[in-house]
Amino acid sequence: MATIETPLTITEKVYVRVRLANENDIHHIYKLFFQIHEYHNYTHLYKATESSLCDLLFNKTNPSPLFYGPSILLLEVSPTPFSDIDSKGEKFKPVLKKFDLRANVVDKEADEFKSNSINDDDKNDVFIAGYSFFYANYSCFYDKAGIYFESLYFRESYRKLGMGRLLFGTVASIAANNGFSSVEGIVAVWNKKSYDFYVDMGVEIFEEFRYGKMVGDALQKYADPKEI
């Protein structure tokens with residue numbers, strides 16, 4: 001096996017794999033969720049632990065059908081090609097792609113995000129670059145479930161490389177090929193690049209609707225039905 005130096009530098013080409021997350025990934029998922037809270041200055045709201053996230057994402061007691069429960073796709077990168085292994089036991093066949101780089105990618109966090117994929121026993125140069133988080137939702141507008149796209153996030157070294165199209169497009173492909181009615185979610189109007197990205201991907205923005213949330217004390221007021 002080749003020795004991976006830190007920081008990791010990838011030149012000319014980067015090889016990408018999108019795969020369904022599993023329990024071995026929970027430490028990295030927890031850290032990625034923390035990073036997106038940092039990005040939005042919401043770390044004070046981050047209450048999850050690795051254990052609570054594992055219970056949420058990989059509930060073995062009462063599992064949901066594939067893609068109906070909380071689902072995570074991880075985008076992994078490597079300086080060397082991935083093997084296209086067709087495993088009969090896989091719930092989701094990983095998506096492989098190669099990106100040509102206009103400039104070198106320097107990843108100072110590579111050691112922290114080295115992948116724990118069980119499919120790469122002979123490959124030690126795989127790193128997690130980002131994720132998408134989604135699950136089934138329901139609406140009176142449709143007679144079948146849609147997909148609620150909760151978040152998409154990339155570590156800083158892997159932004160602006162075109163990988164977002166692959167990750168979001170893979171979720172859309174899952175919806176289109178598994179009988180879901182739609183893909184919907186929140187688009188931050190203050191983030192013009194993100195806003196334009198989703199519009200370019202085919203997302204229709206409904207300006208007349210506002211997102212609302214009830215949490216904390218406002219929610220707990222209704223804990224006792226007698227107080228309604």
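Where does Lys160 lie? You'll find Lys160 in the loop between strand E7 (146–154) and helix H3 (163–177); helices (H or I, at least four residues) and strands (E, at least two) are DSSP runs, numbered from the N terminus. Before we go on, note that this is a predicted model, where local features need pLDDT of at least 70, side-chain atom pairs count only at pLDDT 80 or more, and totals for chains, interfaces and linings use all residues. Residues are numbered from 1 along each chain as its sequence is written, and side-chain values use heavy atoms, with hydrogens and water left out.

Back to Lys160: its phi is positive, about 65°, although it is not a glycine. Most residues other than glycine have a negative phi. Lys160 counts as exposed because its relative accessibility is 70%; buried means under 20% relative accessible area, exposed over 50%, and partly exposed in between (1.4 Å probe, protein chains only). Phe67 also has a positive phi, near 75°, and sits in the loop between helix H2 (50–57) and E3. Phe67 is buried, because its relative accessibility is 4%.

Now for the sheet. It is open, with 6 strands in the order E4-E2-E3-E6-E7-E8 and mixed pairing. Its edge strands, E4 and E8 (183–184), each pair on one side only. Two strands count as paired if DSSP finds at least two bridges between them.

Take strand E2 (residues 13–20) as your way in: 6 of its 8 residues are buried, so the rest of the structure largely encloses it. On one side, E2 runs antiparallel to E4 (residues 95–100), joined by 6 bridges, and Val18 stands opposite Val95 there. E2 is also antiparallel to E3 (residues 71–78), again with 6 bridges, and here Tyr15 faces Ser78. Step on from E3 and you reach E6 (residues 127–137), an antiparallel partner through 7 bridges; Ser71 has Phe134 as its bridge partner in E6.

What about cysteines? A search of the whole structure turns up 0 disulfides, a disulfide being a pair of cysteine sulfur atoms within 2.5 Å. Cys54 is buried because its relative accessibility is 18%, whereas Cys140 is exposed, at 78%.

Last stop, the surface: Met214, Leu219, Tyr222 and Ile228 form a nonpolar patch with about 440 Å² of accessible area together. Tyr222 is in the segment after helix H5 (216–220) and counts as partly exposed because its relative accessibility is 43%. Patches take residues with over 30% relative accessible area and no salt bridge, joining like charges within 9 Å and nonpolar side chains (Val, Leu, Ile, Met, Phe, Trp, Tyr) within 5 Å. A salt bridge is a side-chain nitrogen of Lys or Arg within 4 Å of a carboxyl oxygen of Asp or Glu, and accessible areas come from the Shrake-Rupley method with a 1.4 Å probe, where for residues only the protein chains shown count as cover.
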